[in-house]
Amino acid sequence: MANTSAVYARIDTNLKENAESILSQLGISPFSAIRMLYSQIVLTKGVESLKSGRIYTADEVDAQLAREFGI
C-alpha cells in the first residue's frame, strides 16, 4: 500500500462548488486537482503566477489571499 496522508481544508462553499463544477467539466476530480497543485508547488518551490511568470512564496500567497479575500 502506498504511503499517503490525508489533507483536510475548510473552504468557502461557493468557491468549492464553482471550482468543482469547472473541474467536472474538465474531467478532473478534486483529488487530482489538489495533487496537481501540490506537485506544481514542489516543482517550482512556490506558487507560480501564470500572468507574470513569477513564483510566489507561501507567505506571499497567504498575504495576497488575506488582502483579496480576508482569509
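How many salt bridges does the structure hold? In this predicted model, local features require pLDDT of at least 70 and side-chain atom pairs count only at pLDDT 80 or more, whereas totals for chains, interfaces and linings use all residues. Residues are numbered from 1 along each chain as its sequence is written, and side-chain values use heavy atoms, with hydrogens and water left out.

The structure holds one salt bridge, defined as a side-chain nitrogen of Lys or Arg within 4 Å of a carboxyl oxygen of Asp or Glu. The bridge joins E20 to K16, with the closest N and O atoms 3.2 Å apart. Because E20 and K16 are four residues apart in helix 1, about one helical turn separates them. Helices are DSSP runs (H or I, at least four residues), numbered from the N terminus. E20 is partly exposed at 31% relative accessibility, and K16 is partly exposed at 38%; buried means under 20% relative accessible area, exposed over 50%, and partly exposed in between (1.4 Å probe, protein chains only).

Helix 1 comprises residues 13-26, and its end C-alpha atoms lie 20 Å apart, in agreement with the 20 Å that its 14 residues should span at 1.5 Å a residue. The expected span is 1.5 Å times one less than the number of residues. At the N-terminal end, D12 caps helix 1 through a side-chain oxygen 3.1 Å from the backbone nitrogen of N14. Just after helix 1, G27 takes a positive phi of about 75°.

Just after helix 3, G70 adopts a positive phi of about 70°.

Note on methods
Helix = DSSP H or I, 4+ residues; strand = E, 2+ residues; numbered from the N terminus. Polar contact = N/O pair within 3.5 Å; in protein donor to acceptor, adjacent residues only side chain to side chain.
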